[in-house]
Amino acid sequence: MVIGAGLSRAYIIREGDAVRVRLRLSRHIRVKAGQYVGLWIPAVSFWAPLQSHPFMVTSWSAGRSKHLDIVVEPRKGWTRSLADLGRVNEQLLRDRGMKDTVSDTFVYKGLISNLALFTGPHGCSVPVGEYETVVMIASDFGIAAQLPYLHALVYSYNACKTRNRRVHLIWFLEKYNLIPPFVSLLNAALDNDSLDEGFILSISIHITASDMQDEQLGRRVNFYYRPMPLEQILKEEHEGKYIRKVQTEDMRSRDMAVLVSATGSIQDLVRKLILDRFKKGVTLFDLDY
Ligand SMILES: Cc1cc2nc3c(=O)[nH]c(=O)nc-3n(C[C@H](O)[C@H](O)[C@H](O)COP(=O)(O)OP(=O)(O)OC[C@H]3O[C@@H](n4cnc5c(N)ncnc54)[C@H](O)[C@@H]3O)c2cc1C
């Protein structure tokens, strides 16, 4: 565990219904997928010097990295003040005509940064590389816990370092507004998932507050506005329906990891489906956030 990693700088940007924080560290550190940090930014409010808050690290790198990305849901206390602080950089970016802050093209120059310290990284990383199929189920900001796994899985598949052959991200959203802050991160995973045009990744997004028709964007992204057929999706993934088979391969039951970072009701539903429908070959992981 690192405390502080020296003095870091936090670039805080409000973006739609979310706040993005990029920590620029004074030295490189290694963070595994699924780990979180305890963040301390005294400039956030009068009482902030007394508080540290836990946040998942959404960025992922195969080696050590000198920056960490975090996405924060503004709630009532510290996170609301953080969102207010992030308005300054939001305005600076708008003045420059930059519509978004795609992580790789993030421009530090001219943006305001604040002193930050953190503890961590904390928490365990699920050994997702050991499973043939990985299904990730998130609701709203729970996506923050899944993103580093998504990037690690696609990277490891491209580098032939894993036995994964299928990854399916299922994201339940209350409102469409949450998509823009995460869209660049999801697109980066889709762009990287291009080994031999094999495409191991699918993304299914369910939006509650909408009266639109279900639609498919390309081969890999589905939008559901009506109830999502979760049981059918899990069954098809368990059967390996979307795994490209070589001719000699049999139809044996496959092993699947299901990672959940969702509301209690979705967690309960997934647990019940897995217990009732799949007697073996499925391992359920409740993530830290
Ligand atoms: C392991 C972990 C990872 C997390 N990752 C993320 C993330 O990536 N993005 C994100 O938006 N949120 C994340 N959270 C939740 C985030 O830490 C809280 O929303 C934040 O601390 C709330 O601060 P607030 O003062 O605005 O809370 P308030 O609006 O005052 O309260 C909102 C809720 O947050 C809880 N809370 C308040 N302070 C803390 C604290 N210091 N530690 C833990 N919970 C607290 C309260 O009990 C309450 O349930 C994570 C939480 C945990 C435990």
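Residues are numbered from 1 along each chain as its sequence is written, and side-chain values use heavy atoms, with hydrogens and water left out. In this predicted model, local features need pLDDT of at least 70 and side-chain atom pairs count only at pLDDT 80 or more, whereas totals for chains, interfaces and linings use all residues.

**Exercise 1. Describe the shell around the ligand and state which residues come nearest.**

Step 1. The shell holds 17 residues, of which His53, Pro54, Glu73, Lys76 and Thr79 come nearest.

Step 2. Sort the shell by class: 9 residues are nonpolar, 4 polar and 4 charged. Here Ala, Val, Leu, Ile, Met, Phe, Trp, Tyr, Cys and Pro count as nonpolar, Asp, Glu, Lys and Arg as charged, and the others, Gly among them, as polar.

Step 3. For Lys76, a polar backbone atom is 2.7 Å from an oxygen atom of the ligand. Thr79 instead places a polar side-chain atom 2.4 Å from a ligand oxygen atom.

Step 4. On its own the ligand has 870 Å² of accessible area, of which the protein covers 65% (Shrake-Rupley method, 1.4 Å probe). Two or more shell residues come from each of β5 (53–56), β6 (65–72) and α1 (78–85), where helices (H or I, at least four residues) and strands (E, at least two) are DSSP runs numbered from the N terminus. The largest share, 4 residues, belongs to β5.

**Exercise 2. Determine where the partners of the salt bridges Glu237–Arg166, Asp193–Arg220 and Arg271–Asp268 lie, and whether they are buried or exposed.**

Step 1. Apply the criterion: a side-chain nitrogen of Lys or Arg lies within 4 Å of a carboxyl oxygen of Asp or Glu. The structure holds 16 salt bridges.

Step 2. In the pair of Glu237 and Arg166, the closest N and O atoms are 2.8 Å apart. This pair links distant parts of the chain, with Glu237 in helix α5 (residues 230–239) and Arg166 in strand β9 (residues 166–173), 71 residues apart. Both Glu237 and Arg166 are buried (under 20% relative accessible area; exposed is over 50%, partly exposed in between; 1.4 Å probe, protein chains only).

Step 3. Asp193 and Arg220 meet at 3.0 Å, N to O. Asp193 lies in the loop between α4 (179–192) and β10 (201–207) and Arg220 in the loop between β11 (215–217) and β12 (221–224), so the pair ties together parts 27 residues apart in sequence. Asp193 counts as buried at 1% relative accessibility, as does Arg220 at 18%.

Step 4. Arg271 and Asp268 pair at 4.0 Å, N to O. Both lie in helix α6 (residues 264–277), 3 residues apart, about one turn of the helix. Arg271 is partly exposed at 31% relative accessibility, and Asp268 is partly exposed at 49%. Together with Asp286, Asp268 and Arg271 are linked in a network of salt bridges.

**Exercise 3. Classify the aromatic pairs Phe46–Trp47 and Trp171–Phe182.**

Step 1. Rings of Phe, Tyr and Trp (its six-membered ring) pair if their centres lie within 6.5 Å; planes under 30 degrees apart count as stacked, over 60 as edge-to-face and the rest as tilted. The structure holds 7 aromatic pairs.

Step 2. For Phe46 and Trp47, the centres are 5.1 Å apart and the planes at 85 degrees, so the pair is edge-to-face. Both residues, Phe46 and Trp47, are exposed.

Step 3. Trp171 and Phe182 are also edge-to-face, at 5.6 Å centre to centre and 85 degrees between the planes. Trp171 belongs to strand β9 and Phe182 to helix α4, 11 residues apart.

How values were computed:
A residue is near a molecule or strand if one of its heavy atoms lies within 4 Å of it. A polar contact is a pair of N or O atoms within 3.5 Å; within protein, one must be able to donate a hydrogen and the other to accept it, and residues adjacent in sequence count only if both atoms are side-chain atoms.
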